[in-house]
Amino acid sequence: MSHLLADPTVALVVGGSADERDRVRAAVTGGDGPDIDVVADRDDLTETLSARNDVGGVVAVGVDETGFDGVREAVRAVSDHLPVVAYTDDEAVAAAVAGCADCRYLPRSAPVERLAAVVDDAMATFRERRQTAADSGILRTLLERGQMTMFAKDDAGRYVRMADVPYTPDPEEFIGNTDPEAFDHSSDADRRAYEDDLRVAETGEPIRRQIEHLETQGGDHWSEVTKLPWRDEDGRVIGVVGYALNVTERMQLEQRLEEQQRRFDQFASYVSHDLRSPLQVSIGALERAREGHESAFDRIERANERIEEILEDLSALSKGDRSVDLSEEVLDVLDVGVSSTELAPLVEQVWDVHGTDEATLEVVVPDGTEVIAETESVRPLVENLLKNALDHAGPDVTVRVGTTDRGFYVEDDGPGIPEAEREQVLEAGYTTAEDGTGTGLAIVTETVDQQGWEIDIRESGIGDAPGARFEFTECPVVVPEPAEPTGESVALTESVDVGEVSVPGSATAGEDGSWRIVGNGRDIWHDIDEFHFRHGEVDGPVRIEGRLDELEGVHEYSKAGLMVRDTLAEDAAFAFVGATSDHGTETMWRHEAGASAGSDQIEEPYDAYPWYRLDAVDGTVTLSWSTDGEEWQAIDQRRIDLADSVVVGLAVCSHSADDTSEAVFENVTVTELDPVG
């Protein structure tokens, strides 16, 4: 918009005789009036307007209705707001001007000085409107295309403008609503943001670079928010304008640094705490060995083995995420990816070391149930919870370990933990024992934080006593869902672009169950479903598996993989497992139609586990991977609200509105399953 750099100080005079144009020039340029240039006719006018940016108005002299229409068309071809002053006695022109917002009429019988005032006023109005239109266009572009959260709210905290940015509702859904009303999750963060809006509007004091934290289904999100008082022409505050910057990556880095420092500070106390029990066992057994009891040597040996395990476990706990970059040469010989721990055997193994003859352990865990986490991380958590129950609930305590829909629990029939103390007991240094260190349950907290799980303490309900129940959620636990292939194959017969993609996708079948899929789409996450889907429909349990041979991504989160959906609707419930360009394997899910979709990235090199499998059995979806298509490991399991009839197939999303990604799948099979038992 280079015309904004030029001051519109020139008026063009067109029409009439040469003498009339000269008289108008002399009258209008007198005093402080604008500069005047004369053009001979409409063609000359069109050429001049196209070449110059300093024109602020046009004076049409002595024109009839046809001539006026021609001048106005020439002007409107260049600007919607450039004013036209009709200086003529034609009554038809006067009527036409009445219906034109940026036109003025003055009969030639009026004093020529009056013409100067009319032209000057019209040009001043044009300058103001031109600047207002430019400001409005700049703001509109930022709101619609800037992909940065910008907003304006009235003095009651209600949205009047909202930017159109990914992963948020349509801007129209914000208008007239406050933050708690606009967002369906209505979190504490929304209420605090609303209170901040009212405070800025009431006090006129801005809020600058405030960090706001929001927990979403897809993970934690941080924004750096600035809110400024919105003032009218008289300086009165009429609302709030502001913007928010996504600083999630920065905050996650700061958290990792703090976590590493905390592990370093607490490592020594953890070693001391966990080594105490096996050392006490070893010391006691040593005395019995000196008295001639040979069986004591076995206890000493087991205790020493346990000491070695503790040192390995605590070393792993102190390091946290131990992912490394591996070369292609070593991917075939090293195990890269996630680890899992079979829950029941681990619990029983720990109980064998710490349990007493009077105490009772109940393991109500289905055979083969796995926690998707390293044993070195899960074992200290289980060990400290069992020891805590033995220490606080008495030697004859009953301890029960079981699974939930999205995790597991450890509970006892002891006196329980008062509700007011449930947060404190998880803090380092908290203890009720005179000789206690207060590190046992802090180790539990450390593990939960490290793994990204959540913990809830409540009453257990075992027996008559309140008991304590430690429940772990958002913890990937895979419970076997026995099912056998029926031998009935499902054909992938249909291709469809789900959502409003910019570039249509395609699917081409090859030999031996291979597919080449091309897909567009901004994302598959939160409230966005945009991708290409080659699919088939099946009634009942189903399995799809295949090898992702190639993925040509255009964005770090371009993705390709296997998907099962309730329907083809954009907001349908679904589960997905596949690969991203730069973040390794990704699992995604929408538990029920209309909810926000979440995702996890494992961050291993995506081609380390090229084989993927998805089993959907009675609403439970198990996601697995493999290095060779023979030995499979489950990496996640979720309850998804699926109907009896589902659509299943191959999905590709470019994570770009403009470009497509291409993926090649090999050895793709889709088979109906028959649940066992």
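**Figure 1. An open sheet of 5 strands pairs in parallel, in the order 2-1-3-4-5.** The model shown here and in the other views is predicted. Strand 2 (35–38) and strand 5 (103–106) are the edge strands; each has a single partner strand, so one side of each has no neighbour in the sheet. From one strand to the next, the twist averages 25°. Strand 1 (residues 10–14) runs parallel to strand 2 and is joined to strand 2 by 4 bridges.

**Figure 2. Strand 32 and strand 33 form a hairpin.** Strand 32 (residues 620–626) and strand 33 run antiparallel and are joined by 7 bridges. Trp-625 stands opposite Gln-633 of strand 33. Between the two strands are 5 residues, and Gly-629 in the turn has a positive phi of about 80°. In strand 33 (residues 632–639), 7 of the 8 residues are buried, so the strand is largely enclosed by the rest of the structure.

**Figure 3. A network of salt bridges links Glu-362, Arg-400, Glu-411, Arg-469 and Glu-471.** Glu-411 and Arg-469 form a salt bridge, with their closest N and O atoms 3.1 Å apart. Glu-411 belongs to strand 15 (residues 407–412) and Arg-469 to strand 17 (residues 469–473), so this pair ties together parts 58 residues apart in sequence. Arg-469 also meets Glu-471 in a salt bridge of 2.8 Å, N to O. Glu-411 counts as buried at 2% relative accessibility, as does Glu-471 at 12%. Arg-469 is buried too, with a relative accessible area of 14%.

**Figure 4. Arg-547 and Glu-666 meet in a salt bridge of 3.9 Å, N to O.** Arg-547 lies in strand 26 (residues 542–552) and Glu-666 in strand 35 (residues 656–675), 119 residues apart. Arg-547 is partly exposed, at 25% relative accessible area, and Glu-666 is partly exposed at 29%.

**Figure 5. Arg-534 is buried yet has no salt bridge.** Arg-534 lies in strand 25 (residues 531–539). Glu-494, the nearest side chain of opposite charge, is 6.6 Å away. A polar atom of the Arg-534 side chain lies 3.5 Å from the backbone oxygen of Thr-493. Beyond neighbours within four places in sequence, Arg-534 contacts residues including Leu-492, Trp-515 and Val-648.

Note on methods:
Residues are numbered from 1 along each chain as its sequence is written. This is a predicted model: local features need pLDDT of at least 70, side-chain atom pairs count only at pLDDT 80 or more; totals for chains, interfaces and linings use all residues. Side-chain values use heavy atoms; hydrogens and water are left out. Buried means under 20% relative accessible area, exposed over 50%, partly exposed in between (1.4 Å probe, protein chains only). Lys and Arg count as positive and Asp and Glu as negative; His and the chain ends are not counted. A salt bridge is a side-chain nitrogen of Lys or Arg within 4 Å of a carboxyl oxygen of Asp or Glu. A polar contact is a pair of N or O atoms within 3.5 Å; within protein, one must be able to donate a hydrogen and the other to accept it, and residues adjacent in sequence count only if both atoms are side-chain atoms. Contact means heavy atoms within 4.5 Å. Two strands pair if DSSP finds at least two bridges between them. Axes are lines fitted to C-alpha atoms, for helices over the stretch in contact, and angles run from 0 to 180 degrees between N-to-C directions.
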